[in-house]
Amino acid sequence: MHQSDHAPLAQLQGAGKRYGTVVALDGVDLDLHRGQVLALLGANGAGKTTAISLLLGLLQPDAGQARLFGRSPQDLAARQGIGVMLQAGAIADTLAVGELLDLTRSYYPAPRSMADCVAIAGLDGLLKRRYGKLSGGQQRRVQFALAICGAPRMLFLDEPTTGLDIEARQGLWRGLRDLVAEGTSVLLTTHYLEEAEALADRVVVLADGRVVASGSLDEVRARVDQRRIRCTSTVDAEEVARWPRVRAVHRDGGRLEVVADVAEEIVRRLLAADPALSGLDVSRAGLAEAFLEITRDTSLKEAA
Ligand code: ATP
């Protein structure tokens, strides 16, 4: 396929998509370049699956455009260069895993060997089993194998590790890293910050159908690096909410939960305000809070 080395492999330009009155995507720009792993992050309903569906030609944008290898996503040559793992795939569940792999490999000009697929996706002992009889996690690994079996230059993975246990998740990450080292480019969606951290070079955060943050992992992490502090305390939640660098405070009975930009300073103040404080627990704030925060920042800026 003729394409300049600098042109994006996959691109959304000003892409918009509505479902009736629901605006799923609103002016989204997104580029995936050769050799990159791009993570598309966002809360439920942010528009991640819609963005992928536009790039795959499964949906048409109402505004802007989607390109694959500089072509229409419907173009057959473009489609043969990609592998896809969607959340809800229509996979014939009466076929054996080996049959599914053979069938999918036959769509590609130069597919991977069966042995490679088994090794990369961790399918030992599963080839003769019927897809429909596998566990959810095993089905996920088969879906991954179907995405990579054509040796595509670019992979689209929609929440690839949802439903996998920790070992299977890390196995999939290892497989993906090997493919990336071979030169495969990847666009993946995920709810898990640690998944983006383990794999991605670049991150795009979607909220309500818009890009609210994008850049290198470090750039985006700096905006979502908040701490969640939990304790049992009688300290006044409204007072805590007025402290600098506190983002959110929630009281549930005797338990207090504080989301803040830093942990130490807030913990010191809490202990000073309530020496009887107990059950202290500090963790990284979830992505959900971070997304809310980023979205709130955006809407405040827009309102200003
Ligand atoms: P999740 O993390 O839950 O998979 P997502 O980021 O992939 O979410 P999308 O599935 O792209 O989000 O959905 C974006 C918005 O469009 C949501 O408000 C969703 O309810 C809506 N939506 C998606 N598909 C349809 C559809 N077929 N008909 C109507 N509304 C839809």
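These legends describe an overview and close-up views of one predicted protein model.

The model is predicted, so local features need pLDDT of at least 70 and side-chain atom pairs count only at pLDDT 80 or more, while totals for chains, interfaces and linings use all residues. Residues are numbered from 1 along each chain as its sequence is written, and side-chain values use heavy atoms, with hydrogens and water left out.

**Figure 1. Overview of the protein chain.**
The protein chain holds 11 helices and 13 strands. Helices (H or I, at least four residues) and strands (E, at least two) are DSSP runs, numbered from the N terminus. Of the 304 residues, 46% count as buried. Buried means under 20% relative accessible area, exposed over 50%, and partly exposed in between (1.4 Å probe, protein chains only). A contact means heavy atoms within 4.5 Å. Among contacts with a separation of 6 or more, 66% join residues 24 or more positions apart.

Helix H5 covers residues 136–148. Its 13 residues should span 18 Å at 1.5 Å a residue, and the end C-alpha atoms are 19 Å apart, which agrees. The expected span is 1.5 Å times one less than the number of residues. H5 is mostly covered, with 11 of its 13 residues buried. Among them are Arg140, Phe144 and Ile148. The buried residues pack against strands S5 (82–85) and S6 (154–158). They also pack against helices H3 (97–105), H4 (114–121) and H6 (166–181).

**Figure 2. Where H3 meets H5.**
The axes of H3 and H5 are 9 Å apart, and the two helices pack at an angle of about 20°. That makes H3 roughly parallel to H5. Axes are lines fitted to C-alpha atoms, for helices over the stretch in contact, and angles run from 0 to 180 degrees between N-to-C directions. Angles under 35 degrees count as roughly parallel, over 145 as roughly antiparallel, 65 to 115 as roughly perpendicular and the rest as oblique. From H3, the contact is made by Val97, Leu100, Leu101 and Thr104. H5 contributes Val142, Ala145 and Leu146.

**Figure 3. Two loop residues with positive phi.**
Ala151 lies in the loop between H5 and S6. Its phi is positive, about 50°, although Ala151 is not a glycine. Ala151 is partly exposed, with a relative accessible area of 34%. Asp208 lies in the loop between strands S8 (202–207) and S9 (210–216). Phi of Asp208 is also positive, near 45°, and this residue is other than glycine. Asp208 is exposed, at a relative accessible area of 61%.

Two strands pair if DSSP finds at least two bridges between them.

**Figure 4. Strand S10 and its two partners.**
S10 (residues 227–232) pairs with S12 (residues 255–260) over 6 bridges, in the antiparallel sense. Arg230 has Glu257 of S12 as its bridge partner. S10 also runs antiparallel to S13 (residues 278–284), joined by 5 bridges. Here Arg227 stands opposite Arg284 of S13.
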